[in-house]
Amino acid sequence: MNLSNKRILVVGGTSGFGREVAIQSTQQGAEVEVIGRNPKRVATFNKEHTDIEATVLDATNSTDLKNYFASTQSFDHIISTLGGAMGGGFLDSSLEKIRQTVEDKFFANLQLARIAHNFLNKKGSLIFTSGSGGHPYDASGAIVGNSAINTMVAGLAVELAPDYRVNAVSPTWTPTGLWRDMSETDVMQQVKNFSQGVPLKRVATIEEVASGYVYLMQNDFVTGQILNIDGGIDLN
Ligand SMILES: NC(=O)c1ccc[n+]([C@@H]2O[C@H](COP(=O)([O-])OP(=O)(O)OC[C@H]3O[C@@H](n4cnc5c(N)ncnc54)[C@H](OP(=O)(O)O)[C@@H]3O)[C@@H](O)[C@H]2O)c1
């Protein structure tokens with residue numbers, strides 16, 4: 001149950017949920033490595049977190065990903081936050097945009113799973129990031145991507161049992177680096193507006209969402225599950 005001395009990789013770990021998972025896991029005694037695309041963010045991360053090793057890598061590049069795994073020891077848990085966001089319905093969005101959103105969310109994580117499970121220690125786990133709260137009519141590609149992640153988790157959990165577990169955390173709109181292109185005022189306004197539709201009348205903290213990944217690493221009898229950390233957004 002304890003993460004002490006566990007080896008953990010966070011793919012998409014230099015910002016937002018992934019960064020916080022890396023921090024919480026390190027606090028519990030784990031040995032953590034993270035991957036990010038943006039060299040500046042990786043450099044800043046390495047400066048701020050000298051006990052965690054961050055590497056620049058585009059995790060959608062299968063050759064680079066395989067080389068990375070081949071260059072390091074295997075892991076007890078591999079977490080992925082790969083994926084993005086998308087607004088727009090099935091008719092008012094371009095086919096390219098919908099296709100790319102599904103590619104970035106589902107196929108990037110499927111490819112990761114197919115490579116990464118070969119580098120997992122027995123009794124280890126894979127944890128993906130899904131998403132809650134959107135509507136098919138205004139977040140088409142994102143919903144398809146999240147549904148595909150949920151289906152993939154159910155399939156892989158059986159395919160990889162009994163040696164490995166597979167789960168996902170499903171957050172809803174949360175202020176993270178994903179929204180770095182929005183102004184601070186717009187983010188504040190979105191926090192206010194979005195909170196109205198959440199039964200708990202607020203948005204999550206990054207720490208609350210990150211603690212879900214930590215739980216899924218710690219509980220050895222949970223597999224095939226999507227852990228919604230979303231204030232009950234879909235219950236309304
Ligand atoms: N925040 C929300 O409102 C929300 C809601 C529902 C679901 N989600 C899901 O949460 C995930 C995003 O997490 P976040 O909100 O914490 O966003 P974030 O702050 O932008 O963090 C994403 C992390 O992933 C890295 N990354 C992205 N693509 C990568 C790639 N191809 N290779 C390597 N690293 C990559 C980013 O590094 P670089 O920036 O350097 O690429 C960054 O470290 C997505 O799967 C998204 O669908 C988010």
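What pattern does the protein chain follow, read along the sequence? The pattern is β-α-β-α-β-α-β-α-β-α-β-α-α-β, which comes to seven helices and seven strands. Helices (H or I, at least four residues) and strands (E, at least two) are DSSP runs numbered from the N terminus. The model is a predicted one, so local features need pLDDT of at least 70 and side-chain atom pairs count only at pLDDT 80 or more, while totals for chains, interfaces and linings use all residues. Residues are numbered from 1 along each chain as its sequence is written.

As for overall shape, the C-alpha atoms of the protein chain fill a box of roughly 45 × 40 × 35 Å along the principal axes. Of the 236 residues, 41% count as buried, where buried means 20 or more other C-beta atoms within 10 Å of a residue's own, exposed means 12 or fewer, and partly exposed is in between, with C-beta atoms placed from the backbone.

The largest nonpolar core holds 51 residues, of which Val10, Val11, Leu126, Ile127 and Tyr213 touch the most other members. Helix α7 (residues 206-218) gives the largest share of this core, seven residues. Such a core is a set of buried Ala, Val, Leu, Ile, Met, Phe, Trp, Tyr and Cys residues joined through C-beta atoms within 7 Å. Beyond its neighbours within four places in sequence, Ile127 is in contact (C-beta atoms, placed from the backbone, within 7 Å) with residues including His77, Asn167, Tyr213 and Met217.

Then there is the ligand. It is surrounded by 30 residues, the closest being Gly12, Gly16, Asn38, Gly83 and Gly177; the cut-off here is a C-beta atom, placed from the backbone, within 6 Å of the molecule. Helix α1 (16-27) and strand β2 (31-36) each supply at least two residues of this shell, with the largest share, three residues, coming from α1.

Helix α6 (residues 184-196) tells another story. Its 13 residues reach 19 Å from first C-alpha to last, close to the 18 Å expected at 1.5 Å a residue, a span taken as 1.5 Å times one less than the number of residues. The number of buried residues in α6 is zero, so this helix lies largely in the open.

Ala161 and Pro162 are joined by a cis peptide bond, with omega about 5°, and Pro162 lies in the loop between α5 (140-159) and β6 (165-171). Lys123, in strand β5 (residues 120-129), has a positive phi of about 75° although it is not a glycine. Lys123 counts as exposed because it has 12 C-beta neighbours inside 10 Å.

Conventions: Two residues are in contact if their C-beta atoms, placed from the backbone, lie within 7 Å.
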